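Here is a short report on one protein chain. Keep the sequence and the 3D view open as you read.

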Amino acid sequence: MTMKSVTETTIEFDVNKVLFIIESNESLKKSFSDSYDLTTVKSMVSSDSLPDNVLESLKSIYELIILNDDLLSVAYANLSNDNLPPTKPTKKPKYKKWLGKKAVLELIAENGGVKTELHSALLAHNDMKNTWLRANRFLIKAQTDGIDVDSKKLREIIALSKTFKKQMDSAIKK
């Protein structure tokens, strides 16, 4: 089995492939990092805002180093955009802390007016939050104003809170 020489075929310049080769080769990575921050360059590539001087540096690395090194040129030629890691840094999505009744009703409207079980759960949870807030205000007011609260009511609040916590923990376990 013979290895096909890379010089026999034309390989087009691709910024993402060059960055991948730089990142996977320690000596290239070290010399490139002396001038540029690799993460920043990848970010600029993904946002399509790569400065001309950085692009010229990448082209020079491609033409002078990658194409002239048998191992690097074969590795470069074997790369396709399908097997390259994404250039955009992956961020965790930001979730809203709360969806109120109005937001849930908007979601139902976006769903063609069809209310799903998830929508029902969100609405029920919103009602529960409002009840919790009323109970919280009641207890804080009693504490702050020194109001005597019937111990039967307090035991009932404690029992309901414990039951709710136990049931909810069971329902939302991964």
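## The chain as a whole

Of the 174 residues in the chain, 20% are buried (buried means under 20% relative accessible area, exposed over 50%, partly exposed in between, with a 1.4 Å probe and protein chains only). This is a predicted model, where local features need pLDDT of at least 70, side-chain atom pairs count only at pLDDT 80 or more, and totals for chains, interfaces and linings use all residues. Residues are numbered from 1 along each chain as its sequence is written, and side-chain values use heavy atoms, with hydrogens and water left out.

The chain has eight helices and zero strands (these are DSSP runs numbered from the N terminus: H or I with at least four residues for helices, E with at least two for strands). Its pattern along the sequence is α-α-α-α-α-α-α-α. Now take the contacts between residues at least 6 apart in sequence: 56% of them join residues at least 24 apart (contact means heavy atoms within 4.5 Å).

Look at helix α7 (residues 117-145) and helix α8 (residues 151-172). Their axes come within 13 Å and cross at roughly 145° (axes are lines fitted to C-alpha atoms, for helices over the stretch in contact, and angles run from 0 to 180 degrees between N-to-C directions).

Which residues meet? From α7 come His-125, Met-128, Phe-138 and Leu-139; from α8 come Leu-154, Ile-157, Phe-164 and Met-168. By class, this contact of α7 with α8 has seven nonpolar residues, one polar and no charged (Ala, Val, Leu, Ile, Met, Phe, Trp, Tyr, Cys and Pro count as nonpolar, Asp, Glu, Lys and Arg as charged, and the others, Gly among them, as polar).

Start with Leu-58. It lies in helix α4 (residues 52-66). Leu-58 counts as buried because its relative accessibility is 0%. Leaving out residues up to four places away in sequence, Leu-58 touches Phe-13, Val-15, Val-18, Leu-19, Ile-22, Phe-32, Val-41 and Leu-50. Asp-14 is 44 residues from Leu-58 in sequence, and the two are 9.4 Å apart in space, C-alpha to C-alpha.

Next, find Glu-23 in helix α1 (residues 15-24). Setting aside neighbours within four places in sequence, Glu-23 is in contact with Lys-29, Leu-38 and Lys-42. Glu-23 and Leu-38 are 15 residues apart in sequence, and 7.9 Å separates them in space, C-alpha to C-alpha.
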